[in-house]
Amino acid sequence: MKTIQRLLMLLILAALPAIGQAQQLKHVRPETVGMDSQRLLKADSIIEDAIRQGTIPGAVLAVVRHGKMAYLKAYGNRQVWPVVRPMTTNTIFDMASCSKAMSTALSALILCEEGKFRMLDAVSNYIPGFEDWKDESGETTTIRIHHLMTHTSGLPAYYSPPADAAPDPEAAIQHIAHMRRQFEPAKGFRYSCLNFITLQRIVEKTSGMSLRDFSRQRIFAPLGMNHTDYIPCAPDENGVWHNTAEPCWAALMPEGQDWRSIVAPTTRQGADSVLCGMVHDPLARIMNGGISGNAGLFSSAEDIAILCAMIQNNGTWHGKRILGQQAVRLLRTVPRFAEPFGRTYGWDCYSAYASCNGDLFSPKTICHTGFTGTGIVIDPELDCSVILLTNSVHPDEGRSTVRLRSVVSNAVAASITDR
């Protein structure tokens with residue numbers, strides 16, 4: 001029977017080109033990559049304290065050094081209401097705003113490399129009617145793609161869609177196109193989900209594909225990230241949200257096991273259920289149906305570790321080139337016009353949102369975080385990445401992981417012995 005199941009799985013993999021061959025990082029002892037395993041135990045106690053204090057229900061921590069998995073551990077529970085389920089290292093999380101860095105920004109850089117657009121292009125070239133900044137005298141300043149990627153466009157941070165709205169991406173982009181701009185481009189900084197929803201439209205228009213399909217085909221499948229995907233969703237007639245398609249890992253689940261069984265739920269939905277496999281962010285879910293430039297990606301620690309290793313390896317992994325070396329340089333470097341604000345093309349270096357870098361990693365460190373409690377830190381100088389995944393909004397919102405992410409990064413950086 002097991003032989004038949006293996007054959008069936010091979011047939012499934014052959015029939016589904018969107019699912020690549022698994023390429024998990026080699027797991028090694030910390031000492032083999034210049035890290036002190038005893039010092040790394042400090043990260044354990046920090047996370048376990050956060051669980052005891054009720055800051056998070058559980059977590060997964062992964063540490064990548066020199067292209068290898070130096071540390072991978074699960075803590076606590078992935079679900080505490082209405083039932084309790086333990087956290088496992090293969091748990092899949094709602095990555096929230098980490099989607100911006102992992103998917104939307106990388107997709108944009110790939111298309112820039114291919115000449116589909118340049119960072120200096122006006123947003124209005126791709127979204128007809130998109131309004132530029134206009135001062136009191138009527139003088140205009142063009143909002144450009146590089147302003148979207150560095151959160152210097154002047155767009156507001158967010159807007160709240162009607163709770164009873166049905167997914168309507170066109171209505172969302174039209175609303176953004178005509179919202180009041182808050183400052184002249186490049187004259188200020190405001191972290192904005194609207195920047196990356198706008199960037200999503202440019203990615204989709206220039207590639208001719210949905211963001212989900214493009215990122216899957218050009219980033220995640222080639223890297224063998226078989227547990228990373230957007231999951232479309234929509235409400236039923238009673239306003240209860242349901243998935244309208246399955247993620248890529250559904251085909252890999254054992255017979256009879258639901259693909260949601262390895263997903264960390266987020267907030268409550270109704271009296272006795274939680275959102276699970278449907279993006280937490282209201283704009284991404286309500287207006288964009290789960291496929292959104294600002295949020296919506298689901299992923300696991302081992303998959304994200306591969307992505308980090310690719311970035312650390314100048315855009316390639318296992319012979320697959322995802323980004324050219326110059327594109328990797330862009331995502332690691334704060335451009336001159338954005339130096340006062342600390343944002344690179346899609347990632348964060350030293351803005352006020354970069355506290356997850358901690359105090360001990362190098363000044364070249366880049367990072368991104370998500371509202372659900374996720375975080376990714378990549379230090380190219382020390383060749384080390386920290387992936388801390390939690391679902392701190394489960395079962396209810398109101399807790400912050402800002403400090404937790406910082407002190408975990410410090411514990412990991414302090415364990416490095418060879419630099």
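Predicted model: local features only at pLDDT ≥ 70, side-chain atom pairs only at ≥ 80, totals over all residues.
**Entry 1: helices α2 and α11**

I first looked up how two helices are placed against each other. Two packed helices are described by the angle between their axes and the distance between the axes. For helix α2 (residues 37-52) and helix α11 (residues 402-414), I noted an angle of about 165 degrees and axes 7 Å apart. Angles over 145 degrees count as roughly antiparallel, and α2 and α11 are therefore roughly antiparallel to each other. I recorded their crossing as right-handed.

I then listed the residues that make this contact. From α2 they are Arg39, Leu40, Lys42, Ala43, Ile46, Ile47 and Ala50. From α11 they are Leu404, Val407, Val408, Ala411, Val412 and Ala414. Sorted by kind, the residues of this contact are 11 nonpolar, two charged and no polar.

**Entry 2: serine 406**

I stayed with helix α11, where serine 406 has its place. Is serine 406 buried or exposed? Its relative accessible area is 14%, and under 20% counts as buried, so serine 406 is buried. Leaving aside residues up to four places away in sequence, I found that serine 406 touches Ser355, Cys356 and Gly358. I also looked up glycine 375, which is 31 residues from serine 406 in sequence. In space, the C-alpha atoms of serine 406 and glycine 375 are 10.0 Å apart.

**Entry 3: helix α10 and its surroundings**

Which residues of helix α10 (residues 325-332) are buried? I noted Ala327, Val328 and Leu331. Seen down the axis of α10, these buried residues fall within an arc of 100 degrees, so they line one face of the helix. An α-helix has 3.6 residues a turn, so residues three or four places apart point the same way.

I next asked what the buried residues of α10 pack against. The elements are α3 (98-113), α9 (301-312) and β15 (366-370).

The angle between α3 and α10 is about 140 degrees, and their axes lie 10 Å apart. The two helices are therefore oblique to each other. The crossing of α3 and α10 is right-handed. In this contact, α3 supplies Leu106, Leu109 and Glu113, while α10 supplies Ala327, Leu330 and Leu331.

**Entry 4: backbone exceptions**

Most residues other than glycine have a negative phi, and most peptide bonds are trans.

Where are cis peptide bonds found? One runs from tryptophan 81 to proline 82, with omega near 0 degrees. Proline 82 lies in the loop between β2 (68-79) and β3 (85-86). Another cis bond joins histidine 394 to proline 395, with omega near -5 degrees. Proline 395 belongs to the loop between β17 (384-390) and α11.

For positive phi, I noted two alanines. Alanine 96 has a phi of about 50 degrees and sits in the loop between β4 (92-94) and α3. With a relative accessible area of 7%, alanine 96 is buried. Alanine 186 has a phi of about 70 degrees and is found in the loop between α5 (169-177) and α6 (193-207). Alanine 186 is partly exposed, with a relative accessible area of 25%.

Key
Residues numbered from 1 in each chain as written. Heavy atoms only, no water. Axes fitted to C-alpha atoms, helices over the stretch in contact; angles between N-to-C directions. Helix = DSSP H or I, 4+ residues; strand = E, 2+ residues; numbered from the N terminus. Parallel < 35°, antiparallel > 145°, perpendicular 65-115°, else oblique. Left-handed = near helix turned anticlockwise from the far one by under 90°. Contact = heavy atoms within 4.5 Å. Nonpolar A, V, L, I, M, F, W, Y, C, P; charged D, E, K, R; others polar. Buried < 20%, exposed > 50% of the residue type's maximum accessible area, 1.4 Å probe, protein only. Arc of directions from axis to C-beta.
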